[in-house]
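Student: I'd like to go through this structure with you and test each label against its cut-off. Could you show it to me?

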Amino acid sequence: MHRRTFLQATVGAAAMAVARPAAAEDDWKPERPINLIVPWAAGGSTDQVTRVTAAELEKILGQTIVIVNQPGASGSIGTRSAWTAAKDGYTWTAGAAQDLGTYQTLGSLDAGIKDWNLFLNVANVSLLGVNADRPWKTAKELIDDMKARPGEISVATAGVTSAGHAAMDRIINATGIKYKEVAYDGGAPAVLSTVAGETDLTTQLAVEQADMIRGKRIRPLATVGAKPLTLEGFGDIPALSDTIPNLEAPLNYFGIFVPKGVPDNVIKTLEKIWKEKIPSNEALKKYAASRGAVFDPLFGEEAQKAVFPAIQLNAWSIFNRGMAKVSPDTVGIPKP
């Protein structure tokens, strides 16, 4: 009897010893700083929200998160650095999911959206913002002038796949206008070029234009979408769909991206944070309200579903304009 009790106790202790490491693995405690690559210039939409998010994650994880700006090739250079880094959970990237999902179509990175774990924080809205000294007062005046002078009016964007370029693709698809694109290494320099008068307008994001709008250096004509926007410190900005009824513009989600293949406990810990901490985070809520963004933290399959419409529209717009190296339908992106 005593022997049986001893054996049962021994087996139970062994089972607990096996179970403890598995439970401990659910909570990842980073032992060194995490590198978070921002594949765009400092000051742009990705840089802004990523720095706010990283600061909040540092408090939760108890570890430093080092922001590394590595712009170039529409964000694909920095993203590739994160993709090819050791899959140990210590190298992440950030940006717009619609960019991440179209690099494969462009031939700049052999990884699709399903190859990443998505941790979304905000959805951003593109704006038609013109230099304050230009004559257009409404979106209709601008569109009519672009039709009358095809290819003459210059638009500043952060390059192919960027929010600004994608916004112009939406407008082209709906109107057939032509314009002169001037590409920069990020949304911030694109916006500054319009402020300086180097370009006539920009279609970069509200978060990148907000300060210049409040400072009356840029005049916002419309959101590139179906919903108006109320910008704190400025007021209401109408929707471009009021002028172009057939405009398609799905939400442009931003977030932090971790390549698949990293240890499971890294992802489980981040998922737990996104479920329990991020939805109530006041710093991110305040950022979104002040910059004209939509606070909508998502992760997992829900995030994959949310980002796909913009990826789909972006990838096929690029392909139809002859800028893609790979047909989207061959990498899991059917026609919308």
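Student: What share of the contacts between residues at least 6 apart in sequence join residues at least 24 apart?

Tutor: That share is 75% in this chain, where contact means heavy atoms within 4.5 Å. Keep in mind that this is a predicted model, in which local features need pLDDT of at least 70 and side-chain atom pairs count only at pLDDT 80 or more, while totals for chains, interfaces and linings use all residues. Residues are numbered from 1 along each chain as its sequence is written, and side-chain values use heavy atoms, with hydrogens and water left out.

Student: What makes up the secondary structure?

Tutor: The chain has 12 helices and 13 strands. The C-alpha trace spans about 95 × 45 × 30 Å along its principal axes.

Student: Why are helices H7 and H12 called roughly perpendicular?

Tutor: H7 (residues 163-175) and H12 (residues 300-320) pack at about 70°, with axes 10 Å apart. Angles of 65 to 115 degrees count as roughly perpendicular, under 35 as roughly parallel, over 145 as roughly antiparallel and the rest as oblique. The pair is therefore roughly perpendicular. As for the axes, they are lines fitted to C-alpha atoms, for helices over the stretch in contact, and angles run from 0 to 180 degrees between N-to-C directions.

Student: Which residues meet there?

Tutor: From H7 come Ala166, Asp169, Arg170 and Asn173, and from H12 Ala310, Leu313, Asn314, Ser317 and Ile318. By class, the residues of this contact are four nonpolar, three polar and two charged. Ala, Val, Leu, Ile, Met, Phe, Trp, Tyr, Cys and Pro count as nonpolar, Asp, Glu, Lys and Arg as charged, and the others, Gly among them, as polar.

Student: What makes the pair of aspartate 88 and arginine 32 a salt bridge?

Tutor: A salt bridge needs a side-chain nitrogen of Lys or Arg within 4 Å of a carboxyl oxygen of Asp or Glu. In this pair the closest N and O atoms are 2.7 Å apart, one of 13 salt bridges in the structure. Aspartate 88 lies in the loop between H3 (76-84) and S3 (91-96) and arginine 32 in the loop between H1 (2-25) and S1 (34-38), so the bridge ties together parts 56 residues apart in sequence.

Student: How do you know whether aspartate 88 is buried, exposed or partly exposed?

Tutor: Buried means under 20% relative accessible area, exposed over 50%, and partly exposed in between (1.4 Å probe, protein chains only). At 26%, aspartate 88 is partly exposed, and arginine 32 is also partly exposed, at 39%.

Student: What about the pair of arginine 291 and aspartate 211?

Tutor: Their side chains meet in a salt bridge at 3.0 Å, N to O. Arginine 291 is in H11 (residues 282-291) and aspartate 211 in H9 (residues 206-214), so parts 80 residues apart in sequence are tied together. Arginine 291 counts as buried at 12% relative accessibility, whereas aspartate 211 is partly exposed at 44%.

Student: Why is asparagine 124 called buried?

Tutor: Its relative accessible area is 3%, so asparagine 124 counts as buried. This residue of strand S4 (residues 116-124) is in contact with Ser45, Leu205, Val207, Asn252, Phe254 and Ala293, leaving aside neighbours within four places in sequence. Across the chain, buried residues make up 52% of the 336 residues.

Notes:
Helix = DSSP H or I, 4+ residues; strand = E, 2+ residues; numbered from the N terminus.
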